Amino acid sequence: MSKQRSDYPGSRWDKFFRWLHGEYDPFAGMLETKRPEEHQAPPPLDPSAFDLCAAEQKGDDVDHSRQIRRFRILYKLLSCVLCVSISIILLVTVANLPHFGDPAAPANNEVSQRYIEKGLQETGAVNIVTGMILDYRAFDTFGESTVLFCAACCVLILLRIDDSGRAKAEEHDQIYEPKNDLILEQAARILFPFIMLFGVYIVLNGHLSPGGGFSGGAIMGAGLILYLNAFGFQKTQRFFTEKTFRYISLGALMFYCCAKSYSFFTGANHLPSGIPLGTPGAILSSGLIFYLNICVGLVVACTMYAFFVMFRKGGF
Amino acid sequence: MPFVCNFPFFSIVLSMFCGIVSSVLSGKNAKKLSIGLLCVNLCLSASVLAYTLSSGESYVYMMGHFPAPWGNEIRAGVLEGVLASFFCVIMLLALVGGLRHIAQEIESGKQNLYFIMVDLLLASLLALIYTNDLFTAYVFVEINTIAACGMIMIRQTGRSYVAAARYMVMSLLGSGLFLISLSTLYGLTGQLLMTPAQGAVAALRASGQYMEPLTVTIALMTVGLAIKSGLYPFHSWMPETYGYSTASSSAILSSLVSKGYIILLIKIYYRVLGSESIMHGKIVNLLFVFGLAGMIMGSISAIRESDIRRMIAFSSVAQIGYIYMGLGLGTEAGVIASLFHILSHAASKGLLFISATGLSDVSGGSKRFKDLRGAGYRNPMAAAGFTVGAMSMVGLPLFAGFISKLLFATAGVQDPTKMLPTLICLAVSTVLNTVYFLRTVLTIFTPVDADAASKAKARQITRGFSLKLSVLCFIVLNLVLGLFSDPIVEALQSGLHMFS
């Protein structure tokens, strides 16, 4: 009979066997444990917001009625027939259109000829696309900027939360937002200046090289969104609030409106506009186009940023 | 060029400018600005009308330093003047009539957004009326659609969101078809300005080249604009949209927004595609058939409704049917009847929506017929307005609706094959109109016992002066259209001649 060791209780083997029998927990008292929060029932939903669903539930058993099932099958069948026939009609139409690049096509007429041949001379813009949209057809482009403004206002109607709901939305935003992400922050710190610089370059060079207000503004808006995602609202609020958004769009659109109204008015009344076109190719050339490009760029950038912010928490 | 020629341009740009400025104004100031803008625009359009009537011809206005095939252009004639002045009046009255509801139903921080939408909608309607450029028309169709959506959903109830989503889907489908047709048309003609495009289309027809794409273009354009204006099989968004948005929005949308597209369609027919070949082509027969179907089916759906606003909305389906039926007759008299009906329907539909709101205000805010019983004694002005609107819709003499039905019937008998269907459908539709409007008028004038009346009155929203004023002006407008229709019809006729 071997001698029983006196230091057995408390040894590793003792602990191991006791752990196997479930008497010992090696981690007891060593870990920070947290009791799960008690499940809270969500606040009762406002029934008026869901009256359509309620009405549907009260109505017939939609999924098991034979009539409704037949109707649905017929509906799907007819939709397929309709889609296929419309596609065929459109494809046949496209096949019958003048061929792309055909020199005899009706689209190659005196209109595009003048844009190409005299565009530089008449608008002062090396990039004739910019010359077309901001000088020959500037009224349409003003309409397009207003479409953006109108869409931004609609998003405000739909998503902006008033002050009472703001605090809750902010709380919500902080829970779900992974902030202080080191990789994102460092990457944004390096990329953000370049993105903005590139956007500004594209806007300012709109009349000289491919680009212009719409594309440059989109790049600047994307840069702002990246900055917001990396550093959070507290940092962006220092330079971009709702007020900034409103006044920048207001200023840009009002400048566009006034400048172009002046040019429309003088043009229609056959008065000289008195705006020098400058030397083609210089940065300060092509009359109003340079400034209009800046306006369009600002509107587009602000609108993109506002869309993102509205969708994220309903306020700046 | 006299200074008055600048006015169409001023009125469009001024509306856009006011919309932009309203974004930094408070709700109250934005409201004042909108109302002021509508008054100014009314004066400007009226002077354009007076000028074109006296000069007897239309003029084009260069938007910039470049002439027709290169730069943008707008154009003004008698028809444009009549429509622009009329639209300003209707919009002003509809807005004034619903001011109290705008204040109550829209969140205070978003009131100025509503007036931005009103200003931009006005700008887009004026641009659709005045434009002489196909792509400008498309840009302003976009503004029109987005602004209308904003006006629907700004009430921020579940129903108005659903209505806005439905409207958006249908309207974007229409815009998409319209855009496809514009691009094929550009591919075929290489022109975006209406005047040179007309020449190019005529040359295409003469040479007989590319006829299939041209036919598809005409069809897509017609179907796209018909979807956007709510012609019968595409009307499903109408009852929701007009039933659940705020009163002014319903009135403006039903009386003006859907009409803007019809005017654009007529303009494109006359100014681009060539009225002769369109009117003798097959596409008008399509419009004729669907117009007739809309006249009957809209009225039948209206009879089945138990909600007053939805009933009026279904009546709009029928009235849009009338307008397309007139276009479908394929004669000049038919088009003039349609144009007159655009005016008379706008005058009576705006009146109906505004006074129906007045009636439901004194019935505890309910729009159900059972709650509206006796509402005529609680708000006599709104009841009078509703009765006048109903009589005009049915087509009793003295009111605007009578003249338009008379014009439709007169235009109908000129065409031997289309005469019988036109007259039969007009008669049937009139009887159906009478059924549901008479029922409503009887309901609101059915006496109720004093107890229920006082209960309803206790819950009523305070009646406003603005609603009474608006209803009164609408009644006068209806009577003017009904009693002094001759000069208006003549103006429409001369305007249409200036088109081609």
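Predicted model: local features only at pLDDT ≥ 70, side-chain atom pairs only at ≥ 80, totals over all residues.
The contact between them, where two residues count as in contact if their C-beta atoms, placed from the backbone, lie within 7 Å, takes 46 residues from domain 1 of chain B and 49 residues from domain 2 of chain B. On the side of domain 1 of chain B that touches domain 2 of chain B, the largest share, 15 residues, is supplied by α11(B), helices being DSSP runs of H or I with at least four residues, and strands runs of E with at least two, numbered from the N terminus. That side comprises 27 nonpolar, 15 polar and four charged residues, with Ala, Val, Leu, Ile, Met, Phe, Trp, Tyr, Cys and Pro counted as nonpolar, Asp, Glu, Lys and Arg as charged, and the others, Gly among them, as polar.

Residues are numbered from 1 along each chain as its sequence is written, and chains are lettered from A and ligands numbered from 1 in the order in which they are written. Local features need pLDDT of at least 70 and side-chain atom pairs count only at pLDDT 80 or more, whereas totals for chains, interfaces and linings use all residues.

Chain A contains twelve helices and zero strands. Between the chains, 51 residues of chain A are in contact with 52 residues of chain B, and α6(A) gives the most to the side of chain A that touches chain B, with 15 residues. This side of chain A divides into 30 nonpolar, 13 polar and eight charged residues.

Beyond its neighbours within four places in sequence, Met117(B) is in contact with Cys153(A), Ala147(B), Gly150(B) and Met151(B).

In helix α12(A), 19 of the 25 residues are buried, a residue being buried if 20 or more other C-beta atoms lie within 10 Å of its own, exposed if 12 or fewer, and partly exposed in between.
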